[in-house]
Amino acid sequence: MGDYSQNTENTQTLLDLKSDPFDLFTDWMEEAEVSEPSDANAMALATSTPDGHPSLRVVLLKGVDRNGFVFYTNKESRKGLELAENPFVSLLFHWKSLRRQIRIEGTVSPVSEQEADLYFASRSRMSRLGAVASDQSRPLENREIFKKRIQEAEERYEGQQVPRPANWSGYRVKPSAFEFWQERPYRLHDRARWTPEANTWSATRLYP
Ligand SMILES: Cc1cc2nc3c(=O)[nH]c(=O)nc-3n(C[C@H](O)[C@H](O)[C@H](O)COP(=O)(O)O)c2cc1C
(Lines give C-alpha, C1' and ligand atoms only; values in the text may rest on other atoms or scores of the structure.)
Protein backbone atom coordinates (compact mmCIF):
# COMPACT_ATOMS: atom_id res chain seq x y z
CA MET A 1 0.00 0.00 0.00
CA GLY A 2 2.99 2.27 0.68
CA ASP A 3 4.08 1.98 -2.97
CA TYR A 4 0.56 2.54 -4.21
CA SER A 5 -0.08 5.69 -2.24
CA GLN A 6 3.33 7.10 -3.11
CA ASN A 7 3.16 6.38 -6.84
CA THR A 8 -0.47 6.67 -7.77
CA GLU A 9 -2.57 8.34 -5.15
CA ASN A 10 -0.70 11.61 -5.64
CA THR A 11 -1.79 11.96 -9.26
CA GLN A 12 -4.80 14.04 -10.34
CA THR A 13 -8.23 12.53 -9.84
CA LEU A 14 -11.32 12.90 -12.00
CA LEU A 15 -12.67 15.63 -9.80
CA ASP A 16 -9.51 17.69 -10.33
CA LEU A 17 -9.85 17.51 -14.09
CA LYS A 18 -13.12 19.16 -15.08
CA SER A 19 -16.16 20.36 -13.20
CA ASP A 20 -18.48 19.84 -16.16
CA PRO A 21 -19.43 16.33 -17.29
CA PHE A 22 -20.06 17.34 -20.92
CA ASP A 23 -16.57 18.83 -21.16
CA LEU A 24 -15.03 15.76 -19.56
CA PHE A 25 -17.04 13.53 -21.92
CA THR A 26 -15.73 15.49 -24.92
CA ASP A 27 -12.12 15.17 -23.73
CA TRP A 28 -12.43 11.43 -23.19
CA MET A 29 -14.20 10.88 -26.51
CA GLU A 30 -11.45 12.77 -28.34
CA GLU A 31 -8.84 10.57 -26.70
CA ALA A 32 -10.84 7.42 -27.47
CA GLU A 33 -11.10 8.41 -31.14
CA VAL A 34 -7.30 8.34 -31.26
CA SER A 35 -6.69 5.19 -29.24
CA GLU A 36 -9.63 2.84 -29.96
CA PRO A 37 -9.06 0.52 -32.93
CA SER A 38 -12.70 0.81 -34.09
CA ASP A 39 -15.98 2.55 -33.30
CA ALA A 40 -14.90 4.74 -30.37
CA ASN A 41 -18.47 6.10 -30.59
CA ALA A 42 -20.05 2.69 -29.84
CA MET A 43 -22.19 2.74 -26.72
CA ALA A 44 -24.35 0.15 -25.02
CA LEU A 45 -27.95 1.33 -24.81
CA ALA A 46 -30.13 -0.19 -22.09
CA THR A 47 -33.90 -0.01 -22.35
CA SER A 48 -36.55 -1.95 -20.44
CA THR A 49 -39.23 -4.37 -21.48
CA PRO A 50 -42.78 -3.46 -20.40
CA ASP A 51 -42.46 -5.93 -17.48
CA GLY A 52 -39.25 -4.25 -16.30
CA HIS A 53 -36.62 -6.61 -17.67
CA PRO A 54 -33.41 -4.96 -18.92
CA SER A 55 -32.79 -4.99 -22.68
CA LEU A 56 -29.35 -4.11 -24.03
CA ARG A 57 -27.59 -3.57 -27.36
CA VAL A 58 -24.85 -1.42 -28.90
CA VAL A 59 -25.59 1.64 -31.04
CA LEU A 60 -23.37 4.40 -32.44
CA LEU A 61 -23.31 7.90 -31.00
CA LYS A 62 -23.94 10.24 -33.94
CA GLY A 63 -24.08 13.58 -32.19
CA VAL A 64 -23.59 15.12 -28.79
CA ASP A 65 -24.05 18.55 -27.32
CA ARG A 66 -25.55 19.95 -24.14
CA ASN A 67 -29.01 18.84 -25.27
CA GLY A 68 -27.96 15.22 -25.23
CA PHE A 69 -26.60 12.13 -26.97
CA VAL A 70 -28.06 11.20 -30.37
CA PHE A 71 -28.33 7.79 -32.03
CA TYR A 72 -30.29 6.53 -35.04
CA THR A 73 -32.31 3.38 -35.47
CA ASN A 74 -35.59 1.86 -36.58
CA LYS A 75 -38.45 3.13 -34.41
CA GLU A 76 -40.29 -0.20 -34.87
CA SER A 77 -37.28 -2.27 -33.75
CA ARG A 78 -37.35 -3.95 -30.37
CA LYS A 79 -35.59 -0.95 -28.80
CA GLY A 80 -37.94 1.47 -30.58
CA LEU A 81 -41.03 -0.29 -29.26
CA GLU A 82 -39.53 -0.43 -25.77
CA LEU A 83 -38.69 3.28 -25.89
CA ALA A 84 -42.24 4.11 -26.94
CA GLU A 85 -43.41 2.54 -23.65
CA ASN A 86 -40.61 3.73 -21.39
CA PRO A 87 -38.21 6.57 -22.30
CA PHE A 88 -35.76 5.94 -19.43
CA VAL A 89 -32.42 4.59 -20.65
CA SER A 90 -28.82 4.01 -19.67
CA LEU A 91 -25.82 4.44 -21.94
CA LEU A 92 -22.41 2.90 -21.41
CA PHE A 93 -19.12 3.68 -23.11
CA HIS A 94 -16.23 1.33 -22.43
CA TRP A 95 -12.87 2.20 -23.94
CA LYS A 96 -10.54 -0.73 -23.29
CA SER A 97 -7.54 1.10 -24.73
CA LEU A 98 -7.95 3.84 -22.11
CA ARG A 99 -9.24 1.65 -19.29
CA ARG A 100 -12.18 3.97 -18.94
CA GLN A 101 -15.93 3.67 -18.62
CA ILE A 102 -18.69 6.29 -18.72
CA ARG A 103 -22.23 5.58 -17.56
CA ILE A 104 -25.06 7.91 -18.46
CA GLU A 105 -28.66 7.77 -17.27
CA GLY A 106 -31.36 9.75 -18.98
CA THR A 107 -34.55 10.07 -20.95
CA VAL A 108 -35.00 9.83 -24.71
CA SER A 109 -36.99 12.10 -26.95
CA PRO A 110 -37.26 11.85 -30.74
CA VAL A 111 -35.00 14.07 -32.85
CA SER A 112 -36.82 16.40 -35.25
CA GLU A 113 -37.83 15.11 -38.69
CA GLN A 114 -35.44 17.65 -40.19
CA GLU A 115 -32.52 16.43 -38.09
CA ALA A 116 -33.26 12.82 -39.01
CA ASP A 117 -33.50 13.72 -42.74
CA LEU A 118 -30.16 15.47 -42.58
CA TYR A 119 -28.42 12.55 -40.92
CA PHE A 120 -30.10 9.96 -43.18
CA ALA A 121 -28.96 11.88 -46.27
CA SER A 122 -25.35 11.73 -45.02
CA ARG A 123 -25.33 7.90 -44.98
CA SER A 124 -24.02 5.84 -47.89
CA ARG A 125 -26.61 4.89 -50.53
CA MET A 126 -26.29 1.19 -49.62
CA SER A 127 -26.89 1.94 -45.93
CA ARG A 128 -29.97 3.96 -46.88
CA LEU A 129 -31.25 1.10 -49.04
CA GLY A 130 -30.56 -1.28 -46.16
CA ALA A 131 -32.66 0.87 -43.86
CA VAL A 132 -35.52 0.74 -46.39
CA ALA A 133 -35.25 -3.03 -46.77
CA SER A 134 -34.77 -4.04 -43.12
CA ASP A 135 -37.68 -4.69 -40.78
CA GLN A 136 -35.23 -4.39 -37.92
CA SER A 137 -35.75 -6.94 -35.11
CA ARG A 138 -38.49 -8.83 -36.99
CA PRO A 139 -38.00 -12.52 -37.90
CA LEU A 140 -36.23 -13.10 -41.26
CA GLU A 141 -36.81 -16.55 -42.72
CA ASN A 142 -33.67 -16.51 -44.86
CA ARG A 143 -31.07 -14.02 -46.18
CA GLU A 144 -32.39 -14.47 -49.76
CA ILE A 145 -35.57 -12.65 -48.78
CA PHE A 146 -33.51 -9.76 -47.41
CA LYS A 147 -31.34 -9.68 -50.55
CA LYS A 148 -34.47 -9.55 -52.70
CA ARG A 149 -35.89 -6.67 -50.67
CA ILE A 150 -32.63 -4.76 -51.08
CA GLN A 151 -32.70 -5.36 -54.84
CA GLU A 152 -36.31 -4.17 -54.99
CA ALA A 153 -35.35 -1.00 -53.13
CA GLU A 154 -32.40 -0.49 -55.51
CA GLU A 155 -34.73 -0.77 -58.52
CA ARG A 156 -37.41 1.40 -56.99
CA TYR A 157 -35.03 4.28 -56.26
CA GLU A 158 -32.75 3.92 -59.29
CA GLY A 159 -31.56 7.37 -60.35
CA GLN A 160 -33.29 8.97 -57.35
CA GLN A 161 -32.49 9.88 -53.76
CA VAL A 162 -33.44 7.16 -51.28
CA PRO A 163 -36.02 8.77 -48.97
CA ARG A 164 -35.78 8.21 -45.23
CA PRO A 165 -38.28 5.53 -44.20
CA ALA A 166 -40.95 6.88 -41.83
CA ASN A 167 -39.88 4.33 -39.21
CA TRP A 168 -36.18 5.25 -39.33
CA SER A 169 -35.13 8.11 -37.12
CA GLY A 170 -33.10 9.23 -34.15
CA TYR A 171 -33.40 9.65 -30.42
CA ARG A 172 -31.71 12.13 -28.13
CA VAL A 173 -30.81 11.03 -24.60
CA LYS A 174 -30.97 13.94 -22.18
CA PRO A 175 -28.72 12.95 -19.30
CA SER A 176 -29.85 13.07 -15.68
CA ALA A 177 -26.60 11.56 -14.36
CA PHE A 178 -23.06 10.75 -15.51
CA GLU A 179 -20.52 8.48 -13.93
CA PHE A 180 -16.89 8.48 -15.03
CA TRP A 181 -14.58 5.62 -14.14
CA GLN A 182 -10.83 5.48 -14.63
CA GLU A 183 -8.93 2.33 -13.88
CA ARG A 184 -6.17 2.53 -11.29
CA PRO A 185 -3.72 -0.10 -10.06
CA TYR A 186 -4.91 -2.76 -7.61
CA ARG A 187 -8.59 -2.04 -8.52
CA LEU A 188 -8.41 1.18 -6.52
CA HIS A 189 -10.16 2.98 -9.34
CA ASP A 190 -11.18 6.62 -9.55
CA ARG A 191 -14.97 7.13 -9.84
CA ALA A 192 -17.19 10.18 -9.79
CA ARG A 193 -20.88 10.74 -10.39
CA TRP A 194 -22.34 14.01 -11.67
CA THR A 195 -25.99 14.97 -11.11
CA PRO A 196 -27.78 18.22 -11.92
CA GLU A 197 -27.91 20.89 -9.22
CA ALA A 198 -29.61 24.23 -9.85
CA ASN A 199 -28.21 25.31 -13.22
CA THR A 200 -25.02 23.33 -12.96
CA TRP A 201 -23.75 19.81 -12.24
CA SER A 202 -22.52 18.63 -8.91
CA ALA A 203 -19.95 15.85 -8.56
CA THR A 204 -19.54 13.19 -5.90
CA ARG A 205 -16.58 10.87 -5.59
CA LEU A 206 -17.52 7.19 -5.18
CA TYR A 207 -15.62 4.31 -3.65
CA PRO A 208 -14.33 2.05 -6.42
C1 LIG B 1 -20.68 -1.53 -32.92
C2 LIG B 1 -22.17 -1.61 -33.20
C3 LIG B 1 -22.84 -0.47 -33.57
C4 LIG B 1 -24.21 -0.51 -33.85
N5 LIG B 1 -24.86 0.63 -34.13
C6 LIG B 1 -26.20 0.62 -34.34
C7 LIG B 1 -26.91 1.84 -34.53
O8 LIG B 1 -26.36 2.95 -34.48
N9 LIG B 1 -28.23 1.75 -34.77
C10 LIG B 1 -28.89 0.56 -34.82
O11 LIG B 1 -30.08 0.55 -35.06
N12 LIG B 1 -28.25 -0.60 -34.59
C13 LIG B 1 -26.92 -0.60 -34.35
N14 LIG B 1 -26.25 -1.77 -34.10
C15 LIG B 1 -27.03 -3.02 -34.05
C16 LIG B 1 -27.71 -3.12 -32.66
O17 LIG B 1 -26.75 -3.54 -31.70
C18 LIG B 1 -28.91 -4.08 -32.63
O19 LIG B 1 -28.53 -5.36 -33.08
C20 LIG B 1 -30.06 -3.58 -33.49
O21 LIG B 1 -30.24 -2.18 -33.41
C22 LIG B 1 -31.36 -4.26 -33.06
O23 LIG B 1 -31.59 -4.00 -31.70
P24 LIG B 1 -33.04 -4.21 -31.00
O25 LIG B 1 -33.58 -5.51 -31.53
O26 LIG B 1 -32.77 -4.25 -29.55
O27 LIG B 1 -33.89 -3.05 -31.41
C28 LIG B 1 -24.90 -1.75 -33.79
C29 LIG B 1 -24.20 -2.91 -33.40
C30 LIG B 1 -22.86 -2.83 -33.09
C31 LIG B 1 -22.15 -4.08 -32.61
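In which sense do strand S5 (residues 88–95) and strand S6 (residues 100–110) pair, and over how many bridges? In this predicted model, S5 and S6 pair in the antiparallel sense, over 8 bridges. Within that pairing, Val-89 has Gly-106 of S6 as its bridge partner. The hairpin of S5 and S6 has 4 residues between the strands, and Arg-99 takes a positive phi there, near 55°.

S6 also pairs with S7. The two strands run antiparallel and are joined by 11 bridges. Here Glu-105 stands opposite Ala-177 in S7. In a regular strand, side chains alternate between the two faces of the sheet.

Pro-21, Leu-24, Phe-25, Trp-28 and Ala-32 are the buried residues to look at in H3. Because these residues cover an arc of only 100° around the axis, they are on the same side of H3. Exposed residues on the other side of H3 are Asp-23, Asp-27, Glu-30, Glu-33 and Val-34. An α-helix has 3.6 residues a turn, so residues three or four places apart point the same way.

The ligand has 14 residues around it, of which Thr-73, Ser-77, Arg-78, Lys-79 and Ser-137 come nearest. Strand S2 (54–60), strand S4 (68–74) and helix H4 (78–85) are the elements that give two or more residues to this shell. S2 supplies the largest share, 4 residues. By type, the shell divides into 6 nonpolar, 4 polar and 4 charged residues.

The UniProt record, an unreviewed entry, has its own list under "binding site": Lys-62, Tyr-119, Arg-123, Ser-127, Arg-187, Leu-188 and His-189. These positions are spread over 128 residues of sequence and also in space, with up to 43.5 Å between C-alpha atoms.

Ser-127 is found in helix H6 (residues 125–133). Arg-187 lies in the loop between strand S7 (168–182) and strand S8 (190–197).

Note on methods:
Residues numbered from 1 in each chain as written. Predicted model: local features only at pLDDT ≥ 70, side-chain atom pairs only at ≥ 80, totals over all residues. Near = placed C-beta within 6 Å. Nonpolar A, V, L, I, M, F, W, Y, C, P; charged D, E, K, R; others polar. UniProt positions renumbered as here; feature names shortened; annotations may be inferred. Pairing = 2+ DSSP bridges. Buried ≥ 20, exposed ≤ 12 C-beta atoms within 10 Å, placed from the backbone. Arc of directions from axis to C-beta.
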